[in-house]
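Subject: Two-chain model for you to look at

Hello,

Here is the structure I promised to pass on. Please open it alongside this message, and I will walk you through what I found.

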Amino acid sequence: MSYILRRLVLMLPVAFLVTVGVFMLIHLSPGDPALIILGEDRNPEAIAQVHQELGLDKPLYAQYLIWVGHIIHGDWGRSITTHEPVWNAITDRLPATLELGIAALLWSLVVAIPLGTIAAVRRGSAADRIATGVSVAGVSVPNFFIGIVLIYVLSVSARIFPFGGYVPITQDPWESLRHVILPAIALGTAGTAINMRFTRSSMIEVLNHDYIRTARAKGASWRRVVFVHALKNALIPVVTIVGLQIGGIIEGAVVTETVFTWPGVGRLAVESIFNRDYTVVQGVVLLAAFSYMLANLAVDLVYGWLDPRISYA
Amino acid sequence: MAFSHLLELENVETHLRLRDGTIKAVDGVSLTVDAGETLGIVGESGSGKSMTALSIMRLLPRSGRIVGGKVCFKDRVLTDLSEDEMEEIRGTEIAMIFQDPMTSLNPVFRTGWQVGEPLRIHRHMRSRASIAAAVDLFEKVGIPEPRRRVKQFPHMFSGGMRQRAMIAMGLTTSPSLLIADEPTTALDVTIQAQILDLLRTLNRDYGTATILITHNLGVVAGMCDRVIVMYAGRIVEQGRTDDVFAHPEHPYTWSLLHSIPRLDADEHRPLRPIEGVPPDMLNLPPGCKFQPRCPFAVARCAAQEPELLQVREQLARCWVTQAGTRLDG
């Protein structure tokens, strides 16, 4: 417990840098939000007045401090275009992105870990070469292309899956699952390929260790040796990369959600960028950054469970 | 079909297929081990002693294969068994402990869980019962506070304690044969003595036959009834430990005995290292494999390889001693 606390404290400087980064990114990018708010009616007085309302006339550091203060208090500002609170805009869209992200992650792990293990155990075999080839393809093909192909083949032609759209899991679990499968595959495939390669190389290394021979000498079957003795060791490096993928789900979702008309945070980001809705963009970027930090924390905790040599005392 | 020995190897040949060619890691090894006996196998690295042990267990590396001969254990021919049948023998009838206790235990599982595992695999014991058994075994092998220790992970154990845990693991199912592959090589000298003491006690108390693989002749002298000396995948000398140490009949054994410092030696007698380098297993010399390094070699040695034949009290693979010459210069 004290370890978690210490990790949270260590996250503060990171959080500071992240917020400064997000803040500067938007303020240094061209385009004046006042012009968007005012539309055609843009005389200098009106612009100055909008600047004053938004606090844009204050020095940058003051703008930053005010903004951070609001963030901490849960006030993420209001959308410039819809005037809806940013926090609400994000939390409205978050369940859709979470469902997609979790499904994509499950897809990548459920496929990658067994395949990577088999490829490692049978290295050099046809199964290994096929798995390697497929994974290279999986990493190389961009996820929007996978998405388009999946839609064309499985929705438009074969009509097995619905064409885009989102049904909340609370509303209809079965329909929700049917809708999420294709975008999850599109979003998760690159991760599947990477995780498979990591599992394979890590497993090959682990299988050469002396303790594997010890387990064999005890009379453990190959299956037991691989899936009990080796896998827990082999997953340690895989967890690192999966942590990064969890953090990256929001950015991956930007493209996938657009292709599949999935009403998640990724599409919210795209829409707000086109509208120069900088408060919303800030909110989404901040959320993405925080999710990276949380994913890293989760990775450290999982390490402790997998590898007892890591001491949290 | 009953065999007279507990373990019998007949002309076992094990090949290792490497990138540069095939190595005859074990080349026609025949040996026997009787119940309750301790057999020492000595030789330098690469002499085939570990490969002989792994051939018995059928735990060769991916590149290894037994290509000839057979291994008989009790009334079964191990080399003919299926992998499933072999798994039944490993960890129940034959247990093996390895050189490096630091790497031989799985770092992510508790020691008690690992030591009790053979009982879960072979005796279908439940987790809790197998760990209770591990506590008893820890006590037997001299691990203090066994109740606390079984809950710890290997990295919390010292090298000597880990080797004790490995031995405990080997004993869970009271095997009739324990193969110890360099069990003390990675340990401090004082710990070595403790582990050897432990092995000796267990051999005496449980009647477990032991094959002790080592490159340390002192260990053999203190532990083994009989000894086998290996060189380049072959047995070059075999006999009762006392005979072999008193009158080695193979120049390699002779050289090994003269290369170790002795406290009771004449003050000025220099140590005699063995000349030359260990043989290149991919490119062995014709004739006797030790002949290029042998201080006693005669013309015939380079031309024709000697058989392993009776020379006085033991077996030796040497033209010189087979012709009646004694090695005592």
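One definition before the details: two residues are in contact if their C-beta atoms, placed from the backbone, lie within 7 Å. Please also keep in mind that this is a predicted model.

Let me begin with a helix pair in chain B. In H8(B), the residues B:Gly159, B:Gly160, B:Gln163, B:Arg164, B:Ile167 and B:Leu171 meet B:Ile191, B:Gln194, B:Ile195, B:Leu198 and B:Leu202 of H9(B). By class, this contact has six nonpolar, four polar and one charged residues. Helix H8 of chain B covers residues 159–171 and helix H9 of chain B covers residues 189–206; their axes come within 10 Å and cross at roughly 15°. Angles under 35 degrees count as roughly parallel, and that makes H8(B) roughly parallel to H9(B). Their crossing is right-handed.

As for chain B overall, its secondary structure comes to 14 helices and twelve strands. For 329 residues, a compact globule would have a radius of gyration near 20 Å, and the 21 Å of chain B agrees with that. Its C-alpha atoms fill a box of roughly 65 × 50 × 40 Å along the principal axes. Of the 329 residues in chain B, 49% are buried. Among contacts in chain B with a separation of 6 or more, 63% are accounted for by residues 24 or more positions apart.

Now to chain A, which has 13 helices and zero strands. Here the C-alpha atoms fill a box of roughly 85 × 55 × 35 Å, again taken along the principal axes. Buried residues make up 37% of the 313 residues in chain A. Residues 24 or more positions apart account for 70% of the chain A contacts with a separation of 6 or more.

Chain A has a helix pair to look at as well. The axes of helix H7 (residues 143–157) and helix H11 (residues 249–259) of chain A come within 9 Å and cross at roughly 25°. H7(A) and H11(A) are therefore roughly parallel to each other, and H7(A) passes H11(A) in a right-handed crossing. On the H7(A) side, A:Asn143, A:Phe144, A:Gly147 and A:Ile148 meet A:Gly252, A:Val255, A:Thr256 and A:Val259 in H11(A). This contact has four nonpolar, four polar and no charged residues.

Finally, the place where the chains touch: 18 residues of chain A are in contact with 24 residues of chain B. Helix H9 (210–217) and helix H10 (222–247) of chain A each supply at least two residues of the chain A side. H9(A) gives the most to that side, with six residues. By class, the side of chain A that touches chain B has five nonpolar, six polar and seven charged residues.

H9(A) deserves a look of its own. Six of its eight residues are buried, so H9(A) is largely enclosed by the rest of the structure. The buried residues of H9(A) are A:Tyr211, A:Arg213, A:Thr214, A:Ala215, A:Arg216 and A:Ala217. What covers them includes H10 of chain A, together with helix H1 (49–57), strand E6 (94–97) and helix H3 (101–104) of chain B. After H9(A) comes A:Gly219, whose phi is positive, near 95°.

Happy to talk any of this through.

Best wishes

Note on methods. Residues numbered from 1 in each chain as written. Chains lettered and ligands numbered in written order. Predicted model: local features only at pLDDT ≥ 70, side-chain atom pairs only at ≥ 80, totals over all residues. Axes fitted to C-alpha atoms, helices over the stretch in contact; angles between N-to-C directions. Helix = DSSP H or I, 4+ residues; strand = E, 2+ residues; numbered from the N terminus. Parallel < 35°, antiparallel > 145°, perpendicular 65-115°, else oblique. Left-handed = near helix turned anticlockwise from the far one by under 90°. Nonpolar A, V, L, I, M, F, W, Y, C, P; charged D, E, K, R; others polar. Rg over C-alpha atoms; globule rule 2.2 N^0.38 Å. Buried ≥ 20, exposed ≤ 12 C-beta atoms within 10 Å, placed from the backbone.
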